[in-house]
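User: I am new to this structure and would like to go through it step by step. Please keep the answers plain.

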Amino acid sequence: MKVNPQYNSKEKLLALYNKPLLELVYEAATIHREYHNPREVQMSSLISIKTGGCSEDCGYCPQAARYNTGVDAERLMDVGMVIERARNAKKNGSSRLCMGAAWREVKDNRDFDNVIEMVQQVNSMGMEVCCTLGMLSDDQAKRLKNAGLYAYNHNLDSSEEYYTDVISTREYNDRLNTIENVRDAGISVCSGGIIGMGEKIEDRIGLLMSYMKMDNPPESIPINALVAVEGTPLEDQKEIESWEIIRMVATTRIAFPESVVRLSAGRTSLSMETQGMCFMAGAGSIFAGDKLLTTPNPEFNEDSEMFNILGLIPKKPFQDGCQPESNKDLIIENKKALAEKRKKELETARENTIKLKFKPRVIKTVDSSLNEKQLSK
Ligand code: SF4
């Protein structure tokens with residue numbers, strides 16, 4: 001993915017962000033028209049396949065187990081139910097399905113096998129499949145790729161400097177490593193941030209600079225507005241002004257002309273006019289459906305009305321890349337190898353328990369020099 005060499009430093013990006021608003025939007029709209037069809041906006045759907053109970057402490061997230069937000073921990077959704085939701089999303093015009101699990105990282109267990117199955121089935125429905133499952137090893141990224149995963153979402157959230165004010169349970173570098181594993185597996189990268197968490201404008205620019213420094217910046221950059229949820233550390237954050245999201249979308253558009261800028265969480269508080277300005281400024285995708293993981297989102301019919309009024313058309317899948325093939329043989333091979341690995345681990349654990357249980361007792365020898373009196377003590 002290309003970056004705009006005109007804005008390859010913090011100072012230049014900051015000056016761009018602070019340009020008179022309408023000039024900024026005009027410049028972004030011009031670039032958008034050069035690289036994308038301005039009438040096309042992709043409708044994506046996000047399903048929470050595993051809600052709540054997460055061990056991380058992301059300050060904005062109602063799914064973190066440590067915050068009292070009323071979000072209960074659930075088990076992984078059944079494959080059949082996910083497929084039914086995917087069908088419904090497709091019927092309503094979505095061409096991309098993102099499946100989110102509230103995990104710190106992916107574990108090589110049966111839940112992951114089921115996610116592989118979901119990816120395979122949704123891909124065979126002709127939708128772009130995206131997952132957001134937390135940290136990912138290179139092997140896990142390859143397994144997802146073999147199943148037909150099109151994109152993987154892993155946000156950097158903010159600048160490296162501000163990140164530690166919001167999250168302490170994992171580092172910025174951990175996130176960068178996952179992005180690298182995704183990239184190396186040949187999966188399209190989706191990574192962006194959240195504005196309105198109390199960060200400075202410099203932090204928003206810092207986030208963009210992190211992508212600027214990558215050899216290959218993300219194909220998708222979601223821009224989220226914080227939805228402050230009661231019970232989270234960021235519950236008292238004020239809603240951002242609409243012009244702030246327009247500025248952020250426009251600056252991202254200009255800095256990364258080829259990437260898809262995704263107008264993501266926080267749309268319920270944006271008027272149709274503000275969203276229209278965001279599309280003008282280069283937003284090329286929205287999340288459709290009444291929920292975004294656990295936070296509210298406009299309904300499908302509200303969005304189709306907005307599309308009609310603004311003259312937008314839903315973007316078809318695989319306009320920016322080919323549909324990945326699900327490699328069934330490799331999926332079966334991987335599954336067998338993992339089952340074998342699990343069996344061995346179980347056997348070793350069992351052997352260790354047996355050893356611990358039947359640890360030979362140390363028999364004390366009696367010193368023959370002790371007299372009877374001493375022995376009877
Ligand atoms: S954002 Fe993701 S990793 Fe962070 S607490 Fe929420 S579910 Fe967990």
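User: Into which domains is the protein divided, and what distance separates their centres?
Analyst: This is a predicted model. The protein is divided into domain 1, residues 5-326, and domain 2, residues 332-375. Taken over C-alpha atoms, the centres of domain 1 and domain 2 are separated by 50 Å.

User: Is Glu171 buried or exposed, or in between?
Analyst: Glu171 lies in the loop between α6 (160-166) and α7 (172-184). Within 10 Å it has 13 other C-beta atoms. A residue is exposed at 12 or fewer and buried at 20 or more, so Glu171 is partly exposed.

User: What is the distance in space between Glu171 and Leu156?
Analyst: Glu171 and Leu156 are 15 residues apart in sequence. From C-alpha to C-alpha, the distance between Glu171 and Leu156 in space is 10.0 Å.

User: How do the axes of α2 and α9 cross, and what is the handedness of the crossing?
Analyst: The axes of α2 (residues 21-35) and α9 (residues 242-255) come within 9 Å and cross at roughly 40 degrees. That angle makes α2 oblique to α9. The crossing in which α2 passes α9 is left-handed.

Definitions and conventions: Residues are numbered from 1 along each chain as its sequence is written. This is a predicted model: local features need pLDDT of at least 70, side-chain atom pairs count only at pLDDT 80 or more; totals for chains, interfaces and linings use all residues. Domain bounds come from an automatic or database domain assignment. Helices (H or I, at least four residues) and strands (E, at least two) are DSSP runs, numbered from the N terminus. Axes are lines fitted to C-alpha atoms, for helices over the stretch in contact, and angles run from 0 to 180 degrees between N-to-C directions. Angles under 35 degrees count as roughly parallel, over 145 as roughly antiparallel, 65 to 115 as roughly perpendicular and the rest as oblique. A crossing is left-handed if the near helix is turned anticlockwise from the far one by less than a right angle, and right-handed if clockwise.
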